[in-house]
Amino acid sequence: MKFFNLARVPGRWWKPAAMALLLLSLPVASTAGRTTPVQPANGAKVYMLRGVLNIFSLGLDDIAAKLEAQGIPVDVTNYLGWSGVADEAAADYRSGRVKTVILVGHSSGATVLPDMVERLNQLGVPVRLVIGLDSVFRTSLSGRVGRYINYYIGNGNGEPVARARGMHGELDNVNVQNVPGVGHITIEKNEIMQRRVIGDIDSVVFGSRPREVSAAHAVVR
């Protein structure tokens, strides 16, 4: 899946995305300035990508704070900077500062995750875990990844991720439409989903068993 062309996106999507381009010149809140341990937890680092306008994905900051409280370093960036984040992750990996790369994205930030995986593959960086939160564009994954979990809202605009030729790794599409209070602009703020995301990450970083979304609330496809 290649990064979508704004010229081909329906009008209701390209205008917010165009506005997001303007916002890149403004200061963006990030966890980069927070105090984190010198040595990442088990060599892991999480790179998070917000969606359009930086104002609809603020739940990622809550997740980041909870992860950093566990000693897991996190960077949060707007999705438009995904290529630069991939280059940063590659530099961190080559330096030895980071041994386990984990990606998380919401909305448009989830849409670009397959592109980011492909970019990191090209740079020779293994991606251990990817978590997408309700991408609203149809994407496909052709790269190599340890595990890719796509949480989407099936009765909304969310889309599953397709397995493309050349894809290596585990791909789980999880429909969370029945999680109480979940919606496109609340999925990353929802406490159930936050616990799930943190549990997925903890299972990789610390080897702990991830907290499961209740079977009544999620459908894996």
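Predicted model: local features only at pLDDT ≥ 70, side-chain atom pairs only at ≥ 80, totals over all residues.

Q: Which residue caps the N-terminal end of H6?
A: Asn190 does: one of its side-chain oxygens lies 2.9 Å from the backbone nitrogen of Ile192. A polar contact here is a pair of N or O atoms within 3.5 Å; within protein, one must be able to donate a hydrogen and the other to accept it, and residues adjacent in sequence count only if both atoms are side-chain atoms.

Q: OK, back to H6. How many residues does it have, and how far does it reach?
A: H6 has 15 residues, 191–205, and spans 21 Å from its first C-alpha to its last, close to the 21 Å expected at 1.5 Å a residue. That expected span is 1.5 Å times one less than the number of residues. Helices (H or I, at least four residues) and strands (E, at least two) are DSSP runs, numbered from the N terminus.

Q: Is H6 largely enclosed or open?
A: Largely enclosed by the rest of the structure, because 11 of its 15 residues are buried. Buried means under 20% relative accessible area, exposed over 50%, and partly exposed in between (1.4 Å probe, protein chains only). The buried ones include Met193, Arg196, Asp200 and Asp202.

Q: What do they pack against?
A: S1, H2, S3 (100–106), S4 (127–133) and S6 (144–152). Contact means heavy atoms within 4.5 Å.

Q: And what follows H6?
A: Gly207, with a positive phi near 80°.

Q: Which residues other than glycine have a positive phi?
A: Ser107 is one, with phi near 60°, and Asp134 is another, also near 60°. Most residues other than glycine have a negative phi.

Q: Where do those two sit?
A: Ser107 is in the loop between S3 and H4 (108–111), and is buried at 10% relative accessibility. Asp134 is in the loop between S4 and S5 (139–141), and is buried too, at 1%.

Q: What about Gly51, buried or exposed?
A: Buried, with a relative accessible area of 2%. Gly51 lies in the loop between S1 and H2. Leaving out residues up to four places away in sequence, Gly51 touches Ser57, Asn78, Tyr79, His106, Ser107, Ser108 and Gly109.

Q: Changing topic: which residues form the nonpolar patch on the surface?
A: Ile55, Phe56 and Ile185, with about 280 Å² of accessible area together. Phe56 lies in the loop between S1 (44–50) and H2 and is partly exposed, at 37%. Areas come from the Shrake-Rupley method with a 1.4 Å probe; for residues, only the protein chains shown count as cover. Like charges are joined within 9 Å, and nonpolar side chains (Val, Leu, Ile, Met, Phe, Trp, Tyr) within 5 Å.

Q: Last one: how many helices and strands does the protein chain have?
A: There are 6 helices and 9 strands, and 51% of the 221 residues count as buried.

Terms used
Residues numbered from 1 in each chain as written. Heavy atoms only, no water. Patch = residues over 30% accessible without salt bridge, like charges linked within 9 Å, V, L, I, M, F, W, Y side chains within 5 Å. Salt bridge = Lys/Arg side-chain N within 4 Å of Asp/Glu carboxyl O.
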